[in-house]
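Biologist: I have a model open and want to learn how to read it. Can you take me through the features one at a time?

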Amino acid sequence: MTEAIIRKKAGMSSVKDMPLLQDGPPPGGFAPVRYARRIPNTGPSAVAIFLTTFGLFSYGMYQVGKGNKIRRAIKEEKYAARRAIIPMLQAEEDERFVKEWRKYLDEEARIMKDVPGWKVGESVYNSGRWMPPATGELRPDVW
């Protein structure tokens, strides 16, 4: 748009002749500007948050304690079952050991038959105590 239409004056002779056109506030003025810090007071208080947190923590620790009791009972049951079958397992191992020991003594007698004064099954150590072989398994085929 041209100045003539805006200022309602035909043509422009001088800038000084132009009527003053200035922006101003709307009628009644502008709305007030909020510059103060306003912290809303909505939401739970610090005490409520603390008590809720304490309650949840206490409930969690209670659940942990219950789980520990259950886990301890299961572990004790497992150990009791193991203690109950130990004699049977030991008897089976003793039976296996006797069979292997017999094979070992037969193999020793076969190998040492030409050595004078050799006594089969006699310990070469003079401790006076019987001790099972340190290998944990008798394997005459390897010796």
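Predicted model: local features only at pLDDT ≥ 70, side-chain atom pairs only at ≥ 80, totals over all residues.

Biologist: What does the secondary structure of the protein chain come to?

Modeller: Two helices and zero strands. Helix α2 covers residues 46-111.

Biologist: Now charges. How many salt bridges are there in the whole structure?

Modeller: The general idea comes first. Side chains of opposite charge can pair when their charged atoms come close. A search of the whole structure finds six such salt bridges.

Biologist: Which residue does R96 pair with?

Modeller: R96 bridges to E93. Their closest N and O atoms are 2.8 Å apart.

Biologist: Why can R96 and E93 reach each other?

Modeller: An α-helix has 3.6 residues a turn, so residues three or four places apart point the same way. R96 and E93 are three residues apart in α2, so about one helical turn separates them. R96 is partly exposed, at 29% relative accessible area. E93 is partly exposed too, at 35%.

Biologist: What about K103 and E100?

Modeller: Their side chains meet in a salt bridge, 3.7 Å from N to O. K103 and E100 also sit three residues apart in α2, about one helical turn. Now check the cover on each partner. K103 is partly exposed, with a relative accessible area of 48%. E100 is buried, at 17%.

Biologist: And how far apart are the closest N and O atoms of E107 and R110?

Modeller: The distance is 2.6 Å, and the pair forms a salt bridge. Again the two residues are three apart in α2, about one helical turn. E107 is partly exposed, at 24% relative accessibility.

Biologist: How much accessible surface does the protein chain have?

Modeller: About 13,600 Å². Carbon and sulfur atoms account for 61% of that.

Biologist: And how do I read contacts along the sequence?

Modeller: Ask how far apart the partners are in sequence. Take contacts between residues at least 6 apart: 37% of these join residues at least 24 apart.

Biologist: Last one. Which residues does the UniProt annotation "transmembrane region" cover?

Modeller: Residues 43-62, according to the UniProt record, which is an unreviewed entry. Treat the label with care: such annotations may be inferred rather than shown by experiment. Then set the label beside the model. The span is 85% helix and 0% strand. Its end C-alpha atoms lie 29 Å apart.

Terms used:
Residues numbered from 1 in each chain as written. Heavy atoms only, no water. Helix = DSSP H or I, 4+ residues; strand = E, 2+ residues; numbered from the N terminus. Contact = heavy atoms within 4.5 Å. Areas by Shrake-Rupley, 256 points an atom, 1.4 Å probe, with all protein chains shown as cover. Salt bridge = Lys/Arg side-chain N within 4 Å of Asp/Glu carboxyl O. Buried < 20%, exposed > 50% of the residue type's maximum accessible area, 1.4 Å probe, protein only.
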